[in-house]
Amino acid sequence: MAIDIAETATTVPVLDTAEAALAAADAVATELAARSAEYERAGTSLEPQLRLVAEAGLLSVPVPAAHGGPGLPASIQIEVLRRLSRGDGSVGQLLLAHFVISQAISGLPIDQQPAPRIYGDILAGGQLGNATAERGTASALDRRTTVTRRADGTWELNGVKYYATGTLGARWIAVAALVADKPGETATMFVRPDQDGVTLDLEKWSAFGQRGTRSGEVRLERVVVEDDLVIEEGPAPDPVDGPPTVLGAYDQALHAAIDIGIARAALEDGAQFVSTRTRPWKEALDAGIDRADEEPHIVRRFGELTARLWALEALLARGAALVDEGQAAEELSRDAAAQASLTVAAAKALAQEFGVEIAGGIFELTGTAGTDGEVNLDRHWRNVRTHSLHDPARWKYVHLGNHTLRGTRPPRLGLVL
């Protein structure tokens with residue numbers, strides 16, 4: 001079900017300062033966290049939580065000032081998503097496509113559709129969803145979905161998408177497709193979830209983590225798309241010689257923010273459990289230690305996990321700052337774009353390791369009681385393990401190593417690096 005724009009148009013604030021945006025993110029995250037364990041365990045739809053985010057004005061954070069939005073820097077947008085992911089990792093991932101698509105269309109001329117129309121709906125509380133990836137292709141970046149221009153100037157869209165994250169609760173779905181009569185050329189178009197030919201089967205999502213995203217299937221059968229909702233992109237840029245961009249670094253920073261937000265939630269929830277429910281080991285009691293959170297081995301391990309989390313947060317902040325610099329530059333250099341991509345790649349690769357270690361490591365300290373299904377602490381491990389697999393860390397380390405050894409810039413692979 002899409003958000004009813006008419007219901008929210010008069011109530012959605014514009015958060016025009018970083019302080020306002022971060023305060024709103026913290027307030028919403030606190031509310032999300034209060035019942036996230038219960039909702040995840042029960043499989044409850046997260047549409048009410050998405051509406052809460054919309055009504056707080058957080059969907060408009062990436063809207064440029066030229067379109068009536070706050071025009072806040074990328075680093076604030078990334079931090080907003082990290083804080084929301086701390087409240088509920090599935091909500092954070094549901095909103096990632098919204099942020100990326102909002103950023104991607106910001107490069108269009110101010111009066112060129114679909115930007116004014118899409119941004120107008122975002123400012124009124126509308127959410128953007130994603131239908132890009134497909135199953136059964138040679139690689140995750142390949143597409144078989146096609147769009148064909150019709151004689152009347154409209155377009156016809158056909159295909160099947162999976163991993164359609166953010167479609168739940170969306171006003172618009174951004175769909176990536178091949179242009180049928182132009183080999184090698186692609187286009188992105190916007191369709192509504194409720195229009196003819198669009199079928200959502202989000203319950204097909206059966207992963208053990210990030211269950212609330214319902215990132216299932218979208219079928220597109222002879223969907224008619226208005227011409228001004230289609231962005232023709234031409235051939236894919238050359239991965240080596242294509243124009244430099246920090247859009248990929250921005251996207252990857254958002255992915256890292258989700259993992260790091262979940263890791264913080266796991267560490268804080270684990271500390272709360274140990275401080276209030278874990279019993280000290282007998283040898284600790286014999287040594288006069290009557291609280292588990294005063295056992296030196298537990299204290300030390302929490303210190304190690306905290307150091308890992310702080311390192312992740314600092315590296316993400318550095319990568320986000322480089323994205324800001326790249327977006328603010330009058331002319332983005334290849335070296336500046338590469339440095340942003342590599343720094344964010346390091347943050348995301350380490351988040352795949354440390355985030356999983358933190359979310360799993362807390363069980364060494366909570367004891368068996370921490371595995372109780374009612375507590376549902378394991379959702380943090382399941383969530384970060386699932387989301388961290390979005391793209392492989394192993395290739396990020398290869399690009400980092402090549403840069404250190406030979407100064408090689410990473411390839412431009414769309415939104416992957």
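Q: What covers the buried residues of α3?
A: In this predicted model, the cover includes α2 (18-42), α4 (74-87) and α5 (89-104). Contact here requires heavy atoms within 4.5 Å.

Q: Which residues of helix α3 are called buried?
A: In α3 (residues 47-55), they are Q49, L50, V53 and A54. The label requires under 20% relative accessible area.

Q: What makes the buried residues of α3 line one face of the helix?
A: Seen down the axis of α3, these residues fall within an arc of 145°, so they line one face. The arc is taken from the directions between the helix axis and the C-beta atoms. In general, an α-helix has 3.6 residues a turn, so residues three or four places apart point the same way.

Q: Which residue just after α3 takes a positive phi?
A: G57 does, with a phi of about 90°.

Q: Why is N383 called buried?
A: Its relative accessibility is 6%, and the cut-off for buried is under 20%. N383 therefore counts as buried. The residue lies in helix α11 (residues 378-387).

Q: What does N383 touch, leaving out residues up to four places away in sequence?
A: N383 touches E40, G209, Q210, R211 and I262.

Q: How do you know where domain 1 and domain 2 lie in the chain?
A: The domain assignment gives 18-126 for domain 1 and 131-235 for domain 2; the bounds come from an automatic or database assignment. Taken over C-alpha atoms, the centres of domain 1 and domain 2 are 21 Å apart. The contact takes 21 residues from domain 1 and 17 residues from domain 2.

Q: What area is buried between domain 1 and domain 2, and what share do carbon and sulfur atoms give?
A: About 1700 Å² is buried, with 60% of it from carbon and sulfur atoms. This is accessible area lost on putting the two parts together, summed over both. On the domain 1 side, Q93, L94 and R117 supply 29% of the area buried against domain 2, more than any other three residues.

Q: What makes the pair D228 and R117 a salt bridge?
A: The closest N and O atoms of D228 and R117 are 3.9 Å apart, and the rule asks for a Lys or Arg side-chain nitrogen within 4 Å of an Asp or Glu carboxyl oxygen. The pair therefore meets the definition of a salt bridge. Between domain 1 and domain 2 the count is 4 salt bridges.

Q: Which helix gives the largest share of the side of domain 1 that touches domain 2?
A: Helix α5 does, with 6 residues. Helices α3, α5 and α6 (115-123) each supply at least two residues of that side.

Key
Residues numbered from 1 in each chain as written. Predicted model: local features only at pLDDT ≥ 70, side-chain atom pairs only at ≥ 80, totals over all residues. Heavy atoms only, no water. Helix = DSSP H or I, 4+ residues; strand = E, 2+ residues; numbered from the N terminus. Buried < 20%, exposed > 50% of the residue type's maximum accessible area, 1.4 Å probe, protein only. Buried area = accessible area lost by both parts, 1.4 Å probe.
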